[in-house]
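Me: Could you walk me through reading a protein model, one feature at a time?

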Amino acid sequence: HLFEWQPALKNVSSSWNVGIIDGLSGWTSSVDDVPADTIARRFRYDVALVSALKDLEEDIMEGLRERGLDDSTCTSGFTVVVKESCDGMGDVSEKHGSGPAVPEKAVRFSFTIMSISIRAEGEEDAITIFQEQKPNSELSCRPLCLMFVDESDHETLTAILGPVVAERKAMLESR
C-alpha cells in the first residue's frame with residue numbers, strides 16, 4: 001500500500017514495497033554457528049503496520065460512522081496503540097524435505113493493533129474509533145519476524161531484533 005512518512009524515516013530504506021527480508025539485515029558477522037540465510041525472515045515494521053491498518057479499513061470506517069464522523073474529520077493525524085509480543089514457539093526440529101539444517105527452536109515477534117483514535121478538529125480529547133475486542137487472539141496477532149533461535153540465545157535475538165527496534169524508533173519520530 002502506498003504511504004509516506006513525514007519526515008522520512010531515519011536509517012530506513014525509502015522503498016515502501018518491501019516484502020519478506022532477511023532477518024539479520026547486515027548483522028551476519030555476529031552469528032556464525034548457523035547459516036545466516038536460514039535463521040530469520042521478517043517484514044519491515046512500518047510496512048507491516050500500514051498493511052495491518054489497511055486490513056482494518058472497514059472497521060475504522062465503521063468506527064467513524066458510529067461516532068457520526070467522516071474521514072475528512074481526521075486532519076491532525078491519528079494514534080495507533082500497538083502491543084508487541086515475543087514468544088518461543090518450542091521445538092521445531094521435526095523437518096520435512098531436504099532444506100538446510102536449522103536450530104531446533106523458534107521464536108516469533110509479533111504485534112497487535114490494540115486501538116486507533118483520532119483528534120477531531122476543535123476537539124480537546126481524542127476519540128477512539130477502533131478497539132481490538134480479542135487482543136490475545138491469533139486472528140488479531142500480526143507476525144513481524146520468525147526466527148530459528150532458542151529464546152534464551154540473547155545475542156542472536158538482539159542481532160535479529162536490533163533493526164526492528166530501530167524501525168520502531170524511527171516511526172515514533174515521524175508521522
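Reply: We will take the pocket, a helix, the core and a peptide bond in turn. This is a predicted model, where local features need pLDDT of at least 70 and side-chain atom pairs count only at pLDDT 80 or more, while totals for chains, interfaces and linings use all residues. Numbering starts from 1 along each chain as its sequence is written, and side-chain values use heavy atoms, leaving out hydrogens and water.

Me: What volume does the largest pocket have?
Reply: Rolling a probe the size of a water molecule over the atoms shows where empty space is left. Here the largest pocket has a volume of about 1,100 Å³. Of its 31 lining residues, W5, V50, L53, F78 and V80 are the closest to its centre. A pocket is an open set of points on a 1 Å grid where a 1.4 Å probe fits, with protein on both sides within 12 Å along at least five of seven lines; lining residues have an atom within 4 Å of a point.

Me: How many residues of α1 are buried?
Reply: Buried means under 20% relative accessible area with a 1.4 Å probe, protein chains only. In α1 (a DSSP run of H or I, at least four residues), eight of 11 residues are buried, including V50 and L53.

Me: Which residues touch the most other members of the largest nonpolar core?
Reply: Such a core joins buried nonpolar residues through side-chain atoms within 4.5 Å. Among the 32 members here, they are Y45, F109, F111, I113, I116, L144 and M147.

Me: Which peptide bond is cis?
Reply: Most peptide bonds are trans. The one from Q6 to P7 is cis, with omega near -15 degrees.

Terms used
Grid points are joined across faces, edges and corners, and a volume is the space filled by probe spheres set on the points. Buried means under 20% relative accessible area, exposed over 50%, partly exposed in between (1.4 Å probe, protein chains only). Helices (H or I, at least four residues) and strands (E, at least two) are DSSP runs, numbered from the N terminus.
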